[in-house]
Amino acid sequence: MKLALAGLRRHRVVVTQPLDDAAIERLDRFFDVALCSHAGQMTRAALIEQLRPAAAALVGEGDVIDAQMLDGLDVLQAVCCLTPSEPRMDIEAMTRAGVRAMSSPDAGRAVENLVAAFGFGRLGGHPPDLLNPELLCDCCSF
């Protein structure tokens, strides 16, 4: 069942990594999912074009999100990197831009991070792997 609120458009989420059907279905309940056809092989310019209209992204360890990339991505609100190691994201730049940054080695948990970042689901408003918790409002931080 898709979330439909009085005809409101859902936020677009760009997925650059292969996900199983259950993960895609979970995202699709809350977001307009855009699966990149060249997952893991996109150029920086192609990634920027995909992210331009997106409110969220689930990227891989090879995808770099830095200050220069964030310039012009005014709609972007949250990014979760699917990686077992340190994400290649400029957390300070993302914080300045108001973009919640998360990282998880597990696809299911990465999906739940994005769902929670937008206030949906069981963990609404509290992504478990948030890397810049200063973006939580005073009433939501714990």
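Predicted model: local features only at pLDDT ≥ 70, side-chain atom pairs only at ≥ 80, totals over all residues.
Biologist: Fine. How many helices and strands does the protein chain have?

Modeller: Elements here are DSSP runs numbered from the N terminus: helices are H or I with at least four residues, strands are E with at least two. On that reading the protein chain has five helices and five strands. Along the sequence they follow the pattern β-α-β-α-β-α-β-α-β-α.

Biologist: And what is the strand order in the sheet?

Modeller: Two strands pair if DSSP finds at least two bridges between them. Here that gives an open sheet of five strands in the order 2-1-3-4-5, with parallel pairing. Strand 2 (32-35) and strand 5 (100-104) are the edge strands, each pairing on one side only. Neighbouring strands are turned by 15° against each other on average, direction ignored. Angles like that run from 0 to 180 degrees between N-to-C directions, with axes as lines fitted to C-alpha atoms, for helices over the stretch in contact.

Biologist: Let's look at strand 3. Which bridges join strand 3 to strand 4 and strand 1?

Modeller: Five bridges join strand 3 (residues 56-60) to strand 4 (residues 78-82), and the two run parallel. V59 stands opposite C81 in strand 4. Towards strand 1 there are three bridges, again parallel, and V15 has L58 in strand 3 as its bridge partner.

Biologist: Is strand 3 buried or exposed?

Modeller: Buried means under 20% relative accessible area, exposed over 50%, and partly exposed is in between (1.4 Å probe, protein chains only). Five of the five residues in strand 3 are buried. Both faces are covered: A56, L58 and G60 on one side, A57 and V59 on the other. For the whole protein chain, buried residues make up 42% of the 142 residues.

Biologist: Now helix 1. Which of its residues are buried, and which are exposed?

Modeller: A23, L27 and F30 are buried in helix 1. They cover an arc of only 60° around the axis, so they sit on the same side of helix 1; the arc is that of the directions from the helix axis to the C-beta atoms. D21, A22 and E25, on the other side of helix 1, are exposed.

Biologist: What covers the buried residues of helix 1?

Modeller: Think contacts, meaning heavy atoms within 4.5 Å. The cover includes strand 1, strand 2 and helix 5. Helix 5 (residues 107-117) itself lies across strand 1 (12-15), strand 3, strand 4 and strand 5, running at about 175° to strand 4. As for sequence range, among contacts between residues at least 6 apart in sequence, 46% join residues at least 24 apart.

Biologist: How many salt bridges does a search of the whole structure find?

Modeller: The rule asks for a side-chain nitrogen of Lys or Arg within 4 Å of a carboxyl oxygen of Asp or Glu. The search finds five. One of them is R26 with E112, the closest N and O atoms being 2.6 Å apart. R26 lies in helix 1 (residues 21-30) and E112 in helix 5, so the pair ties together parts that are 86 residues apart in sequence. E112 is partly exposed at 26% relative accessibility.

Biologist: Where do R109 and D129 lie?

Modeller: Those two side chains also meet in a salt bridge (2.6 Å, N to O). R109 is in helix 5 and D129 in the segment after helix 5, so the pair ties together parts that are 20 residues apart in sequence. R109 is partly exposed at 39%, whereas D129 is buried at 16%.

Biologist: Last one: to what does the count of disulfides come?

Modeller: A disulfide is a covalent bond between the sulfur atoms of two cysteines. The cut-off is a pair of cysteine sulfur atoms within 2.5 Å, and by this rule the count comes to zero. C81 is in no disulfide, and the nearest cysteine sulfur, that of C80, is 7.2 Å away. C81 is buried at 0% relative accessibility, and C36 is buried at 10%.

Terms used:
Residues numbered from 1 in each chain as written. Heavy atoms only, no water.
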